[in-house]
Amino acid sequence: MRSPEIVAWNKVRLGVEVLDRVLPSGVYRNSLIILAGPGGAGKSVLVAHMTKALMEREEPVIYVALDDDPRTVLQNYISFKIDVAQLIKRELLMIIDCFSYRLGHPRPAVNGVIREVEPDELERLPYTIIDVVLEKELRGRGLVVVDSLNELLLLYNEKTTVEVLRKLRALIAKGEGILVFATLHTSTDDQQKFLRSIEHLVDGVIEVWVTDETGPGDSAVRKLMVRKMKGVHHVSRPIRFYVDAEGPKLIE
Ligand SMILES: Nc1ncnc2c1ncn2[C@@H]1O[C@H](COP(=O)(O)OP(=O)(O)OP(=O)(O)O)[C@@H](O)[C@H]1O
Ligand SMILES: [Mg+2]
């Protein structure tokens, strides 16, 4: 008789100084982590640099673009001089486009887009991702970014969004051992309340926000705090950072 598969997924360092400072030993691969904060807090900047660090270590990234069209997603990388063309060519960066249906047909193809999803298919998003995971043989490596959960909240109700989130965690993080980062805008009280209501369903919650303080080069001082992270040591106080043309920088 075959013995049951015992899988202890290894940990992965996120590769961005700001995040490595608060999560010094990394996070478990089979985690679903929420990156929450108000608009402009720095979520997409952190995601761009974390995914860059992972792709530099040959870890493929599936970017589920919900809030922005694929060109805007690529522009965010290009604004930090990240060579997206090369990453796309090597199939390290793959975009699932859940935005462009708004533009109607026909529309020009955008480099890096491997799937297009219509709103009525969004409930099946976890299975669309699984399709890609199987096709590209991604089990146990890489990262899935869902940017953002708010689009699901706008299109569906909270119950359906929670169901999609549960499936993302079960199928992709737990089932395939692939790290999932989902962003959530928390500008309103309702969005804050939603975050509190899903905290127990996820493996980690990281919050970012902008302070009134001014940092180097007149930039805004931002703060980041790990609210929860299952199974690993984390610094549980806020740390300060700013963003410049090179990316997020830790303020000691
Ligand atoms: N290339 C860049 N150079 C310098 N600063 C930048 C650059 N890109 C972004 N920023 C700064 O970082 C801030 C945070 O942007 P980011 O897109 O990460 O916010 P966000 O939390 O994802 O917001 P949203 O909820 O609207 O998606 C921007 O407002 C801008 O000040
Ligand atoms: Mg963003």
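Which exposed residues does the face of α3 turned away from its buried side carry? In this predicted model, they are Thr72 and Gln75.

## Helix α3

Helix α3 spans residues 70-78. Its buried residues are Pro70, Val73, Leu74 and Tyr77. They span an arc of only 95 degrees around the axis, so they sit on the same side of α3. The general rule is simple: an α-helix has 3.6 residues a turn, so residues three or four places apart point the same way.

What do the buried residues of α3 pack against? Their partners include two helices, α2 and α4 (84-89). The strands are β4 (61-65), β5 (93-97) and β6 (113-116). Thr72 and Gln75 lie on the face turned away from this buried side.

## Around ligand 1

The shell around ligand 1 holds 14 residues. Gly39, Lys43, Ser44, Val45 and Ser79 are the closest. Two elements give two or more residues each: α2 (43-56) and β11 (239-244). Helix α2 gives the most, with 3 residues. Helix α2 is also among the elements that the buried residues of α3 pack against.

## The whole chain

The protein chain has 8 helices and 12 strands. Its radius of gyration is 18 Å, close to the 18 Å that the globule rule gives for 252 residues, so the chain is as compact as a globular protein of that length. Along the principal axes, the C-alpha atoms fill a box of roughly 55 × 55 × 40 Å.

Of the 252 residues, 42% are buried. Among contacts between residues at least 6 apart in sequence, 67% join residues at least 24 apart.

Technical notes. Residues are numbered from 1 along each chain as its sequence is written. Chains are lettered from A and ligands numbered from 1 in the order in which they are written. This is a predicted model: local features need pLDDT of at least 70, side-chain atom pairs count only at pLDDT 80 or more; totals for chains, interfaces and linings use all residues. A residue is near a molecule or strand if its C-beta atom, placed from the backbone, lies within 6 Å of it. Helices (H or I, at least four residues) and strands (E, at least two) are DSSP runs, numbered from the N terminus. A residue is buried if 20 or more other C-beta atoms lie within 10 Å of its own, exposed if 12 or fewer, and partly exposed in between; C-beta atoms are placed from the backbone. The arc is that of the directions from the helix axis to the C-beta atoms. Two residues are in contact if their C-beta atoms, placed from the backbone, lie within 7 Å. The radius of gyration is taken over C-alpha atoms; the globule rule is 2.2 Å times the number of residues to the power 0.38.
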